[in-house]
Amino acid sequence: QVQLVESGGGLVQAGASLRLSCAASGGTFSDYAMGWFRQAPGKEREFVGVINYNGGYTNYADSVKGRFTVSRDNVKNTVYLQMNNLEPGDTAVYFCAASWCAVGCEYDYWGQGTQVTVSS
């Protein structure tokens, strides 16, 4: 059983940067691909980005491509989401999740989420 805990959310102005962290415990972190998702009020949860088990593959939603970067540290059992040039439309609760593969697999473990609010 893998436990995931996100941190780093907050309230920022448009154009600012934030880095979210997701700390994993209870499993072999390097076995898993790690994804980031977000859910805005009244909207469905959407994919943000994913990184494979060793960091050799990443993929992003078109809405964040070029602004957001997913990275991981398999020594610290942590995955990061660097968010630059934030926009009000990025306001959401951000979740990390673990999957056995980066493409085509379901996500088996989820964190509780961290709120990101971007003011205009």
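Okay, quick definition before anything else: when I say buried, I mean under 20% relative accessible area, exposed is over 50%, and partly exposed is in between. Keep that in your heads. Also, this is a predicted model.

Let's start with the cysteines. How many disulfides does the structure hold? Two. If you count the bonded cysteines along the chain, the pattern is 1-2, 3-4.

Take the pair of cysteine 22 and cysteine 96. Their sulfurs sit 2.0 Å from each other in a disulfide. Where are these two cysteines? Cysteine 22 belongs to strand 3, residues 18-25, and cysteine 96 to strand 9, residues 92-99, so this link ties together parts that are 74 residues apart in sequence. As for handedness, the torsion about the S-S bond is about 55°, so this disulfide is right-handed. And are cysteine 22 and cysteine 96 buried or exposed? Both are buried.

Now the other disulfide, which is between cysteine 101 and cysteine 105, with 1.7 Å between the sulfur atoms. This link is right-handed too, with 110° about the S-S bond. What about accessibility here?

Serine 21 has a relative accessible area of 17%, so we call it buried. What does serine 21 touch, if we skip its neighbours within four places in sequence? The contacts are Val5, Glu6, Ser7, Trp36, Thr78, Val79 and Tyr80.

That brings me to the sheet. In general, strands of a sheet pair through backbone hydrogen bonds, either parallel or antiparallel. Here we have an open sheet of four strands, in the order 1-3-8-7, with antiparallel pairing. Which strands stand at the edges? Strand 1, residues 3-7, and strand 7, residues 68-73; each has a single partner strand, so one side of each is left without a neighbour in the sheet. From one strand to the next, the twist averages 15°.

Inside that order, strand 3 pairs with strand 8, residues 78-83, in the antiparallel sense over six bridges. For one example you can find on the screen, look at leucine 18, whose bridge partner in strand 8 is methionine 83.

That's my tour, thanks everyone.

Conventions:
Residues are numbered from 1 along each chain as its sequence is written. This is a predicted model: local features need pLDDT of at least 70, side-chain atom pairs count only at pLDDT 80 or more; totals for chains, interfaces and linings use all residues. Side-chain values use heavy atoms; hydrogens and water are left out. A disulfide is a pair of cysteine sulfur atoms within 2.5 Å. Buried means under 20% relative accessible area, exposed over 50%, partly exposed in between (1.4 Å probe, protein chains only). Contact means heavy atoms within 4.5 Å. Two strands pair if DSSP finds at least two bridges between them. Axes are lines fitted to C-alpha atoms, for helices over the stretch in contact, and angles run from 0 to 180 degrees between N-to-C directions.
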